[in-house]
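Try each task before reading its solution.

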Amino acid sequence: MRLPLLLFFSILPLFSFAQGNTEIYLAEIDPSDSTNRLSNLTNITNQPGYDSQPYFLNDDKILYAGGRQGASEIMLYDLRLKESKQYNIPTAGGEYSPQPIPESDKISAVRLDPDGLQRLYAYGPDGSEELLFDPLVVAYYLWFDEETLVASAIQEESLNMVVARTGDDSVILQQKNTGRSFHAIPQSDQISYISKENDQWTIKSLHPDSGATQVIIPTLPGKEDCVWLPDGSVLMADNTMIYRFDPKTDRAWEPWADLSSYPVQNINRLAISPDGTKIALVAEPVTSGPAQIVQRHLEPFNQGDLDRFVTAFAEEVVVRNFPEDTLYQGQDQLREYYDRFFKKNSSWKVEVTKRMVYKSVVVDEEQVTINGKTHRQATIYETANDKIQSMTFVRTQEPVPGVEQLIDDQLAAYNQGDVKAFAKTYAKDIQLFRYPNQLMAQGQATLKEIYGTLFKANPDLRVTINNRIVIGNRVIDEEQGRMNGQTFGALAIYEVDKGKIQKVTFIQ
């Protein structure tokens, strides 16, 4: 069905761009590492206000809508220089959803003008601007090619998907009630969009030339932002979890990356670099939580600021070596110990190389340099009431060959529900503890009884590893499981000796 170009403007608060405190974060992707797919998550905007809608111009530059002096402008972030600059000459309106126009040196963006008009413009590197598809009211869009625009347009108080062409000025209505996420599907001549025709939203494909559509998968409940990896799988986020679905092999969304250990929440818009090695995501920064409580003591420690360092800890803080070798207790003894430490040593620095967060517990992998000598350790922090309640050191030990493979073998047996293969990875006198040192079960016979019953009652039981720290003979895993349609999590500390798991301590 063809519609005339003359469409009535209907600018409603429902479709205006949200102006919250959002930031754009950049992370590196390692598809070969199933335990830590994303690393080096960095806030690349890091300012109050609205920063959103990232789009990779190429592998080294990201376009985005950034709040500057009360208005949203087209911003360009250079990954090599690690800095942003404004692309467009400021206008009276605000610019959103910047994207490159194919076969052109221009950038397009939706402009929301003070008079309420919302239209698509092209901006040249020389400061020129040109109104496109007038008077189509574009809310969200994607260029299929240099002449074809697929967009959610505001029509009759709803968002409807249209295909507009510059060649013949045509606008074809494809579907009513669509969302804001449009992406090219890799290895195809189709694009994906979000259909909201029914209560269950779905990701669909569209061939803009033929108009053919097909359902790919229902979205995560209430979510409408997705992005495609170069391998042809699609990602969606729910709070701090990112899920993946491969239409070629999968039947449902599967956990792909867990960012709960980072100070972010409510991840929404996603973008992937053309080479597939980087992901940009929009999220709200977390200003208070276990990770932030722990973070407060690191800078004062590195600066030797004893007063600020001590105030990050509770009055009755417990400091120990894992699992229960108490070194001292209380703020006063903490102050005395670190006062001596700062006076005794000429230089010191702690860098966090990996972080896990589970509820109120934080586990950091740390690189510690004292007087020029560096060692690794893990530190377990328990937090409550905005303070660190306990600090437990897992000290460096000599590397033990094969420890990770052993843990992976027991995980494979666990996911297969094979209690015999599972038990073979454990010592005969295996001990299971609740952190820090509460014995829950002992012996291989008890282990088989507990897990045999669990496997038999829950054939759908599966666990994946979101993050891992290895310190000598100890493996600390951040685990996420699914059972009866429910998700559960835990931290597990495995201790290996003589080729068997001798002890497991669960933080759950």
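**Exercise 1. Which element gives the most residues to the lining of the largest pocket, and how many?**

Solution. Strand β4 gives the most, with 6 residues. A pocket is an open set of points on a 1 Å grid over the protein atoms alone, with protein on both sides within 12 Å along at least five of seven lines; a cavity is a set where a 1.4 Å probe fits but cannot get out, and lining residues have an atom within 4 Å of a point. Strands (E, at least two residues) and helices (H or I, at least four) are DSSP runs numbered from the N terminus.

This is a predicted model, in which local features need pLDDT of at least 70 and side-chain atom pairs count only at pLDDT 80 or more, while totals for chains, interfaces and linings use all residues. Residues are numbered from 1 along each chain as its sequence is written, and side-chain values use heavy atoms, with hydrogens and water left out.

Next, take the whole lining: it has 40 residues, and Tyr55, Leu142, Phe182, His183 and Ala184 lie nearest the pocket's centre. Elements giving two or more residues include β4 (51-58), β12 (138-145) and β16 (183-184). Finally, sort by class: 26 are nonpolar, 10 polar and 4 charged. Here Ala, Val, Leu, Ile, Met, Phe, Trp, Tyr, Cys and Pro count as nonpolar, Asp, Glu, Lys and Arg as charged, and the others, Gly among them, as polar.

**Exercise 2. Which residues line the largest cavity?**

Solution. Start with the search of the whole structure, which finds 1 cavity of 30 Å³ or more. Then list its lining: Tyr87, Asn88, Ile89, Tyr123, Gly124, Gly127, Ser128 and Glu129. By class, these are 3 nonpolar, 4 polar and 1 charged.

**Exercise 3. Where do the buried residues of α7 fall, seen down its axis?**

Solution. First, find them: Gln444, Leu447, Tyr451, Gly452 and Phe455 are the buried residues of α7. Buried means under 20% relative accessible area, exposed over 50% and partly exposed in between (1.4 Å probe, protein chains only). Seen down the axis of α7, they fall within an arc of 115°, so they line one face of the helix; the arc is that of the directions from the helix axis to the C-beta atoms.

Now turn to the other side of α7, where Ala445, Glu449, Thr453, Lys456 and Ala457 are exposed.

Definitions and conventions. Grid points are joined across faces, edges and corners, and a volume is the space filled by probe spheres set on the points.
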